[in-house]
Amino acid sequence: MRGVPAAGAGAARAHRVLRSNDPCWCGSGRKYKRCHKASDGRVLPGRVSPMLAVPDGIPATDYYLTGEPRHLDEPMVKSPDVIERMRVAGRVAAEVLAVTGAAVAPGVTTDELDRIAHQAYVERGAFPSTLNYHGYPKSICTSVNEVICHGIPDDRPLEDGDIVNVDVTAYVGGVHGDCNATFCVGEVDAASRALVEVTRQCRDLGIAAVRPGRPLSDIGKAIEAHATAHGYGVVRMFVGHGIGRQFHIPPSVPHYYDPEAATVMEPGMTFTIEPMISAGTWREKMWDNGWTAVTADGRRSAQFEHTLVVTDTGAEVLTPEPPAR
Ligand code: MF3
Ligand code: CO
Ligand code: CO
């Protein structure tokens, strides 16, 4: 094994929803109702376990040891060979997402989801792209309720009624595949379910707007129209991105209408579409951990992501949802 050994202790934990008078899960020694339950319904940062190790046989990203990606000169339009390898990486990412999403349930911690995802990458010979990416400590992102993106898996148990986005990026065959989905935890209120479904539709309308010869701004135009028709906000701070041998490269793909997104789509271009849609404001604020973005008004936010390649007539999704099994 390479890197920090996995912390073996505490792997098995009862999946039980805490009651008010139980000791808080965060280890403060206070009653749950006086501690995290008193957070006015907001998600609070929990404890982050040590970075998991990846077996030596799995080729690592070039930044895994240093935390800083090396810059390669990489065209926006990929070769057929790179595209074929991205189909494989994309399929792996989509499988890891499905496996992890199937484990979402009340009482399961996001750290447990990270562990499940980590094992699923490794079983498929893939390296988790996020591990030590600019110092990011985990193998996936898990973004609960008002967390917009880049939630770091921790020891907070999912609660009945939460929504949680799981974002998976797999590095295999020298390329990355990036996708995410938002899952409902137990019984979720109708307004949150609508937010999740409309956000999925926004992603799919963005993909449907992909057309060679058209500017990238068509994508955000389609997404923003649908989101605002439902009274939702489109997050502006985070955008879709080019992807290939490197994780985040040009072009930027805004999910709102931005006339400056004038790059003309061409067959062979690969990028993500990953709208973050909020029930209220599009404005975000950052947690002190330097990674996690939450809505400025505390209302919920959902996200869905695919990696795709522009074709002669539209788009091919490289991270398709695997057939149910
Ligand atoms: N997967 C995210 C994206 O869609 C990026 C996560 S980077 C991390 O672009 F470092 F926060 F993990
Ligand atoms: Co992405
Ligand atoms: Co992603």
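User: Why does Asp-40 count as exposed?

Analyst: Its relative accessibility is 68%, and the label takes anything over 50%, so Asp-40 counts as exposed. Keep in mind that this is a predicted model. Asp-40 sits in the segment before H1.

User: What makes the phi of Asp-40 worth a remark?

Analyst: The value is near 60 degrees, which is positive, and Asp-40 is a residue other than glycine. Most residues other than glycine have a negative phi. Asn-132 gets a remark too, with a positive phi of about 60 degrees although it isn't a glycine.

User: Is Asn-132 buried or exposed, and how do you know?

Analyst: Buried: its relative accessible area is 15%, and the cut-off is under 20%. You'll find Asn-132 in the loop between strand E1 (127–128) and strand E2 (140–144).

User: Why is Ala-60 called partly exposed?

Analyst: Ala-60 comes out at 27% relative accessibility. Buried needs under 20% and exposed needs over 50%, so Ala-60 falls in between and counts as partly exposed. Ala-60 belongs to the segment before helix H1 (80–101), and its C-alpha atom is 5.9 Å from that of Phe-127, 67 residues apart along the chain.

User: On to the metals. How do you know which residues are protein donors of the cobalt ion (ligand 2)?

Analyst: By distance. A donor N, O or S atom has to lie within 2.8 Å of this metal. Asp-178 (OD), His-241 (NE2), Glu-274 (OE) and Glu-305 (OE) lie 2.0 to 2.2 Å from the cobalt ion (ligand 2), so they pass that test.

User: What makes the arrangement around the cobalt ion (ligand 2) irregular?

Analyst: Its six donor atoms subtend angles of 52 to 162 degrees. To be octahedral, opposite donors must be over 155 degrees apart and all other angles between 65 and 115.

User: Why do Asp-167 and Glu-305 count as buried?

Analyst: The label needs under 20% relative accessible area. Asp-167 has 11% and Glu-305 has 1%, so both are buried. His-241, at 7%, counts as buried too, and Glu-274 is buried with 7%.

User: How do you know that Glu-305 and His-248 make polar contacts with ligand 1?

Analyst: A polar contact is a pair of N or O atoms within 3.5 Å. A polar side-chain atom of His-248 lies 2.8 Å from an oxygen atom of ligand 1, and one of Glu-305 lies 3.0 Å from an oxygen atom of the ligand. Both distances meet the cut-off, so both are polar contacts. The protein covers 97% of the 340 Å² of accessible area that ligand 1 has on its own.

Technical notes: Residues are numbered from 1 along each chain as its sequence is written. Chains are lettered from A and ligands numbered from 1 in the order in which they are written. This is a predicted model: local features need pLDDT of at least 70, side-chain atom pairs count only at pLDDT 80 or more; totals for chains, interfaces and linings use all residues. Side-chain values use heavy atoms; hydrogens and water are left out. Donors are N, O and S atoms within 2.8 Å of the metal (3.2 Å for Na, K and Ca); water is not among the atoms, so sites may look incomplete. Four donors count as tetrahedral if all angles lie between 85 and 135 degrees; four count as square planar and six as octahedral if opposite donors are over 155 degrees apart and all others between 65 and 115; anything else is irregular. Buried means under 20% relative accessible area, exposed over 50%, partly exposed in between (1.4 Å probe, protein chains only). A polar contact is a pair of N or O atoms within 3.5 Å; within protein, one must be able to donate a hydrogen and the other to accept it, and residues adjacent in sequence count only if both atoms are side-chain atoms. Accessible areas come from the Shrake-Rupley method with a 1.4 Å probe; for residues, only the protein chains shown count as cover. Helices (H or I, at least four residues) and strands (E, at least two) are DSSP runs, numbered from the N terminus.
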